[in-house]
Amino acid sequence: MFTEHNLRETQPSEELLGNFLKDPTLYRANKHLLSLDLFGEYSWLYHLIQEVDEQEGLSYKGVVARCDADRVKTLMEFRQAAFNENRVPLLIRTLKKDRLAGDILSLAKELHSRTIEGEDPDTILRDIQNVAFTLETSESGGMGDPSRDVDEWSEYMLRLAEDPTLAYGLMTGLRPLDSITTGWHRQDFSVVGAWTSMGKTAFTIENVLRLNKAGYKCAMFSLEMIKRQIYTRMMANKLEVDLEQFRTGRLAKHHYQDRMIREKEALKSIYVDDTRGVSADYIVDVMRRLKRTQGLDFVVVDYLQDVKEHGEQNDNGGSALARVCRKLRASAKEMDCHVMGLSQVTRGVNERQDKRPMVSDLAGSTGIETSADVIALLYRDDYYNASSDKKGILEVNFAKQRNGKLGVVELAYDRTMQTIRDIYQY
């Protein structure tokens, strides 16, 4: 045991259990990766954590209330040893590697002992193979349970039959958009692609503002614009005023002194991160903290090609972007939220007669197409054609929906106010 008077290095199992006691949400987020045999001499404490969580929801007070008096000091020391929640994935991997190393060592000792004793080599090999095939690597999440999985699915379908709204995702209130997507679904990774100045940021801000108003927790990671620019666009949208005049302080004073002051409170519940040069791992770490501390339903990453990713041997031009997309898609599942990434398109789109972008026009399209559950491509005809009969119309082409319909919806886009509305409201 470690105390002030008898310091020693904290063991991974002690630090991990301390993290669970300090922040119970860490246990709930990772319990599917854990098993009792990982904790050795402290398996009693992990079993107690499991028991408290199942019966009343994990809390430090609940564990202390059920713990023997002579072990309460241990709980306090473990809790104090939890100094960095970001180490939890590393601690879990370490425990799994330690367990695997112990299993391999035991197997090797048995093999040596039986061979020395002269046992039949064929029998030894068959027994060792049977045991070896039951071992899991430290990266394994464990074997699934088909019986449990089917029961959970069946229960979900029964709830769905009682309440069909459960089949819908995060609804924006833009009827054409909600109709084709049935809402932005949790655990999905979507990509919105378009040429520069086509309306990607306006489209995502419109979604964020609408979902925020509906009570969902939203976050934006802006690698292109600073927070001040994002907030200015959001407020111009909310006030429905000319962005350029609002940005330069040329509107009547009451817009700033009255209307803006009233509306700014809504923006405080939207998390905006404008840190430059961040990696996908950074974004996922922040998402994880947001999910635990305030909840998280909808995330925007603007834009994918600016997310940094360390190069690996034999990387080609799109390998890093593909890893970014895979990490963001995995984070959507882990955090049970929808993640939307913005993407640039290549210059080739402007060399065609029909300049509507296709999936193949996305920069790094192979990695994006493989990972994305939804791909939406934006186009405005009046951007290219001043005499277009579709002035102020934003086309949203759903070129991929893993679990939904394909097709084009049209929305009304007011570029001066950065607003996007249902076209039939105009």
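Which residues do ring pairs link into a cluster? They are Phe-20, Tyr-27, Phe-39 and Tyr-46. This is a predicted model. The protein has 426 residues, and 43% of them count as buried. It contains 17 helices and nine strands. Its C-alpha trace spans about 90 × 55 × 45 Å along the principal axes.

**Overall build**

- The exposed surface comes to about 22,900 Å². Carbon and sulfur atoms supply 50% of that area.

**Aromatic pairs**

- The count of aromatic pairs is nine.
- One of them joins Tyr-27 and Tyr-46, with ring centres 6.1 Å apart. Their planes meet at 70°, over the 60 degrees that marks edge-to-face, so the pair is edge-to-face.
- Tyr-27 sits in helix α2 (residues 24–30) and Tyr-46 in helix α3 (residues 43–56). The pair links distant parts of the chain, 19 residues apart.
- Both Tyr-27 and Tyr-46 are buried.
- Trp-184 and Phe-398 form a pair with ring centres 6.3 Å apart. Their planes stand at 40°, so this pair is tilted.
- Trp-184 lies in the loop between α9 (175–181) and β1 (189–194), while Phe-398 belongs to strand β7 (residues 393–401), so the pair ties together parts that are 214 residues apart in sequence.
- Trp-184 and Phe-398 are buried.

**Charges over rings**

- The charged end of Arg-71 sits over the ring of Trp-44, 4.0 Å from the ring centre.
- Lys-355 lies over the face of Tyr-384, at 5.8 Å from the ring centre.

**Nonpolar cores**

- The largest nonpolar core has 79 residues. Trp-184 and Phe-203 have the most contacts inside it.
- Beyond its neighbours within four places in sequence, Phe-203 is in contact with Leu-177, Trp-184, Val-192, Met-340, Leu-378, Leu-394, Val-396, Leu-411 and Ile-420.
- Another core, of 25 residues, lies apart from the largest one. Its members include Leu-16, Leu-38, Leu-58 and Val-88.

- Helix α5 covers residues 72–81, and its buried residues are Thr-74, Leu-75, Glu-77, Phe-78 and Ala-81.
- Down the helix axis, these buried residues fall within an arc of 165°, so they line one face of α5.
- Lys-73 and Gln-80 are exposed on the other side of α5.
- What do the buried residues of α5 pack against? Their partners are α1 (12–22), α3 and α4 (60–66).

**Two residues up close**

- Ser-371 is in helix α16 (residues 365–371). Its relative accessible area is 5%, under the 20% limit for buried, so Ser-371 is buried.
- Not counting residues up to four places away in sequence, Ser-371 touches Phe-189, Ala-322, Cys-325, Arg-326, Arg-329 and Arg-402.
- Lys-22 is found in helix α1. Its relative accessible area is 48%, and the residue is partly exposed.
- Lys-22 and Glu-85 are 63 residues apart along the chain, yet 9.4 Å separates their C-alpha atoms.
- With neighbours within four places in sequence left aside, Lys-22 is in contact with Arg-79 and Ala-82.

**Backbone exceptions**

- Most residues other than glycine have a negative phi, and most peptide bonds are trans. The next points depart from that pattern.
- A cis peptide bond joins Asp-302 and Tyr-303, with omega about 0°. Tyr-303 lies in the loop between β4 (298–302) and α15 (319–334).
- Asp-336 has a positive phi, near 50°, and is not a glycine. Its place is in the loop between α15 and β5 (338–344). At 31% relative accessibility, Asp-336 is partly exposed.
- Gln-418 is not a glycine either, and its phi is positive, about 60°. Gln-418 lies in the loop between β8 (407–414) and β9 (419–422).
- Is Gln-418 buried or exposed? Gln-418 is buried, with a relative accessible area of 7%.

Methods. Residues numbered from 1 in each chain as written. Predicted model: local features only at pLDDT ≥ 70, side-chain atom pairs only at ≥ 80, totals over all residues. Heavy atoms only, no water. Phe/Tyr/Trp six-rings, centres within 6.5 Å; stacked < 30°, edge-to-face > 60°. Helix = DSSP H or I, 4+ residues; strand = E, 2+ residues; numbered from the N terminus. Buried < 20%, exposed > 50% of the residue type's maximum accessible area, 1.4 Å probe, protein only. Lys NZ or Arg CZ within 6 Å of the ring centre and 35° of its normal. Core = buried A, V, L, I, M, F, W, Y, C linked by side-chain atoms within 4.5 Å. Contact = heavy atoms within 4.5 Å. Areas by Shrake-Rupley, 256 points an atom, 1.4 Å probe, with all protein chains shown as cover. Arc of directions from axis to C-beta.
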